[in-house]
Amino acid sequence: MTFQPGSDLDSEDVQSRVDTVIEENDVVLFMKGNRLMPQCGYSKRALELIDQYVDDFETVDVLPALPEFREALESHSGWETTPQTFVEGEFVGGSDVLAELDERGELEATLAGE
């Protein structure tokens, strides 16, 4: 039997999950993979940047239903690509934006919702 990612998740399920996770968590990172095994360099970089300043944040692996997650995330951020970071319901950006904020000394305050 061939593994088919996302075969048990439809667009409505993913949209509902995205909406709920963004609403219920102060900091959320939608990424490829998970904290233990990021599956792309950009996701790994975003995870490392957030982890410097925030101990308790949510991560969501988009790989099990990548097309559905792209669509659901685009409705919140206008972006299809991952990783995507949300703080207090607001879209912050991907790993490049997080790195830029960190270089300017603004990432910690941004992740704190300031």
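Predicted model: local features only at pLDDT ≥ 70, side-chain atom pairs only at ≥ 80, totals over all residues.
Over the ring of which residue does the charged end of Arg 35 sit? The ring belongs to Phe 57. The charged end of Arg 35 is 3.9 Å from the centre of that ring.

Strands of a sheet pair through backbone hydrogen bonds, in parallel or antiparallel fashion. Here four strands make an open sheet. Their order is β2-β1-β3-β4, and the pairing is mixed. Strands β2 (58–61) and β4 (90–93) stand at the edges. Each has a single partner strand, so one side of each lacks a neighbour in the sheet. From one strand to the next, the twist averages 25 degrees.

Now take strands β1 and β3. Strand β1 covers residues 27–31 and strand β3 covers residues 84–87. They run antiparallel and are joined by four bridges.

Two helices come next. Helix α2 (residues 41–51) packs on the sheet and touches β1, β2 and β3. The direction of α2 makes about 165 degrees with that of β1. Helix α1 (residues 11–24) lies across β1, β2 and β3. Its run is at about 145 degrees to β1.

Then turn to the aromatic rings. A pair of such rings is described by the distance of the centres and the angle of the planes. The whole structure holds three aromatic pairs. One of them joins Trp 79 and Phe 91. This pair is edge-to-face, at 4.9 Å centre to centre, with 70 degrees between the planes. Trp 79 lies in the loop between α3 (66–77) and β3, while Phe 91 is in strand β4. The pair therefore ties together parts that are 12 residues apart in sequence.

How accessible are these two residues? Trp 79 has a relative accessible area of 34%, so it counts as partly exposed. Phe 91 is also partly exposed, because its relative accessible area is 24%.

Is Phe 86 buried or exposed? Phe 86 counts as buried, because its relative accessibility is 1%, and buried means under 20%.

Phe 30, Trp 79, Phe 86 and Phe 91 are linked by ring pairs into a cluster.

Technical notes
Residues numbered from 1 in each chain as written. Heavy atoms only, no water. Pairing = 2+ DSSP bridges. Axes fitted to C-alpha atoms, helices over the stretch in contact; angles between N-to-C directions. Contact = heavy atoms within 4.5 Å. Phe/Tyr/Trp six-rings, centres within 6.5 Å; stacked < 30°, edge-to-face > 60°. Buried < 20%, exposed > 50% of the residue type's maximum accessible area, 1.4 Å probe, protein only. Lys NZ or Arg CZ within 6 Å of the ring centre and 35° of its normal.
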